[in-house]
Structure formats: C-alpha cells, structure tokens
Amino acid sequence: MLFHKHLLSASLLFICCTLHASVNFDGKASCQSESLLLTTDFESARVNDCKINGNHVSISIKPENKPINDSPWYAFKLEAKTASEVTVRVKYYGGKHRYHPKASVDGVNWTALPYRIKNGDLVFQVTLGDTPLLVAGQEIVSNHAYENWMQNIKTRFELTSVSLGQSVQGRAITALLSKGQSDKYLLVIGRQHPPEITGALAYFPFSETLLENSTFRQHYNIVFVPNINPDGVALGHWRHNVNGVDLNRDWKHFKQPETAAIKQYLDTIVKRGGKIIYGVDFHSTHHDVFYTMPQGKGLTPDDTTVNWLERLALAEPNFTVLDKPGHNPGRGVFKQWLSDTYGVHAITYEMGDNTNRKVIKQVAISAANTLSETLLNQSKTAK
Ligand SMILES: [Zn+2]
C-alpha cells in the first residue's frame, strides 16, 4: 500500500482557518500515520482537516461558505497497513449532523455503519482490511457516474445530447433530449444540491421509466438535466455552487452560469414554438415530500399535479404521498419560476435522506408511470 509523505503537508493548510463568510474551503485535506492513511483525492470527497492518533481519526467538516443550509457532507477514503479497528470522530463546523455514515469497498455497494452522536460529533467504528474503504454521508454519485448514465441512456433510448453551457469551473452542463412528434416539453432536472443523493437515486429510475414509454415519448418531448451543480458535486459541497450560491435561489436573476445555461435553452425551445408544460426537480430532505404549486393561481391545466399525486397514492398504497403546496414568488426557486414563467405546474420531488433505497426506486418508477398517464390523459381530453 502506498503512503505519500506530501499528504501530511496538504492537511496543514487547513489547520489555520476559522469560519468566515465566503471563505472557500476546498475540503480536500488528507493525513497519515505509520499505520493509517486518509485521502480525499476523488470526486465528492470532503474533509477540511484531519488528524490520526493511534487508531483514532479526527475529522473536521466545514461548509464551502456561510450562511448555508444545515447539511454537512463528508466523504473520504481510509486504508491501513495492517487490518485494524479504527474509531472515527467527525466534528461539524457550521452545521449539525444530517447524513449517517456508510462504507463501501467498490463505490457501488454501500453498508450503513452503526454510529452515535457525542456532544454534536459523529462517532463510529470501521474495520479496515486489505482494501481501502470509502466512507461517506450517503452513497457517492459522482460526475463520472452521471456521464456514464447519460451515455448509456442516450444510446439505449436514441436521445440527443445538448450542450447547454459550463459551470463556474468549466464543467459541462448537458441535457439529453427525447424528441417526439409534439410541441410540448417536460423538464426533469436534478442535483442542484450536491449531497442530496436520494433525489439522484430517484432521478435515474424515474427518467428511465418515462423513456421506456414510447407512447408518452411520441406525445411529449422530454428534457433531462440530471446534474446541474457538477462543481459542487466534485468538491463535496454541502449545497452551493463554486460562487457560494444556492442554485435553487437563482431562478430569478440567473446570475450563475449553471441556471443561466438552462434558461437560455428553454428560451430557445420557446422561440422555436415549443411549449414548456411541466417541470420536476429532484431533491432530498429529512422526509419524503412533494412541494407543489397551489391550485387556483391561474396555472393551466390546473389539476396536473393533483391528478398525478392521486394516481401515485393509489399505485403505492404503502407509501405516504405528502403534497405540500406553496406559493413563494421571488425566491428564485425552480418550481416557482417555471410556474410563473410558463403558467404551468411544477414540483419539487423530495426523497427522505434515510428512505429505503428500494422504496425510492419503486416510488420513482410508479411516479413516472402515473405522471405519463396523467399527461397522456390530459392531451386526450384536450383534443
Ligand atoms: Zn435540495
């Protein structure tokens, strides 16, 4: 196993810093001892400072800037010279514990780790063997995973890839377009907030299920933008883009390149005679909830969301469909902006951080099936 001496000096850079607004911590500290090594040289890693003392690893986690939503994200790799039990203590600065620890050897299969919260710190044990162990607050869904997924469904469903623009750090913001024989466009976006992995875990099966429905694809065009904040994903941000901005508060003035790129594409669609008819935006929070637009605000058709969620509740009797209508004009939230701009309904699709992963998948499949039923039914009655 390779241990690099320069890693220690990298960690020293982070000991100095206190929390001030707009300080941009890069969150890629690493540390080592004779027998243990902690590294962060991969996408989505986040450790702001670390120390190793015997079999104890102490980690500090800080946000990219403040103020910020309370969502401390962490991810790192641990390896040992010889098999050992290691105690990890994670200290959060600028936020309280949210994400429970998980471990993976291959980055694909993850196991929840037993943990406790001690004086606000997260404490847990890991058993290290021959292979380096990934530890993170949720499963890691990296930019690379999005690229693979997009390449895969592009081929499988004969989609068109559209380059919308670039993030602050120059990463591609890419859409996939399913073009039918229609002027109607459904927009499906995700990952405005990097640690909201359960939203991503819903996004993939939801999108694939829509794409498997050839009748739906004939009647509706679909624009998929699964990964809106690739810089935040790469850097293991808690919430913001590299400019320290919550992208889901920027759908108003479009000062950030990530949101501006999508708006520009929608403008082009509309200029060419296309109609934006609905939008779905995937997130995670403490529980499963659908933030919707209220009825009676002049949106047409006014019953899309209500009909969809009713169908979903019937299809998934063991899952509680919680519909929370809200009208917050001017806050720069995607769903509100889409509704205000195009006079249609839109939804923030939130999966709980700890919702069973099989349930997330099953509900996403049902949600896609019931949304396509709802919209197809609508286009039938409209004729
Ligand atoms: Zn969110």
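Gln-264 and Lys-271 are exposed on one side of helix H6. Exposed means over 50% relative accessible area, buried under 20%, and partly exposed in between (1.4 Å probe, protein chains only). The model is predicted: local features need pLDDT of at least 70, side-chain atom pairs count only at pLDDT 80 or more, and totals for chains, interfaces and linings use all residues. Residues are numbered from 1 along each chain as its sequence is written, and side-chain values use heavy atoms, with hydrogens and water left out.

The other side of H6 holds its buried residues: Glu-258, Thr-259, Ala-261, Ile-262, Tyr-265, Leu-266 and Ile-269. Seen down the helix axis, they fall within an arc of 160°, so they line one face of H6. The arc is taken from the directions from the axis to the C-beta atoms.

H6 covers residues 257-271, and its 15 residues should span 21 Å at 1.5 Å a residue. The end C-alpha atoms are 21 Å apart, which agrees. The expected span is 1.5 Å times one less than the number of residues. Gly-273 follows H6, with a positive phi near 95°.

Now to the metal. His-193 (ND1), Glu-196 (OE), Glu-196 (OE) and His-283 (ND1) coordinate the zinc ion at 2.1 to 2.5 Å. Donors are N, O and S atoms within 2.8 Å of the metal (3.2 Å for Na, K and Ca); water is not among the atoms, so sites may look incomplete. Along the chain the spacing is H-x2-E-x86-H. His-193 sits in the loop between strand E14 (184-190) and helix H3 (197-212), and His-283 in strand E16 (residues 275-285), 90 residues apart. Helices (H or I, at least four residues) and strands (E, at least two) are DSSP runs, numbered from the N terminus. Both His-193 and His-283 are buried.
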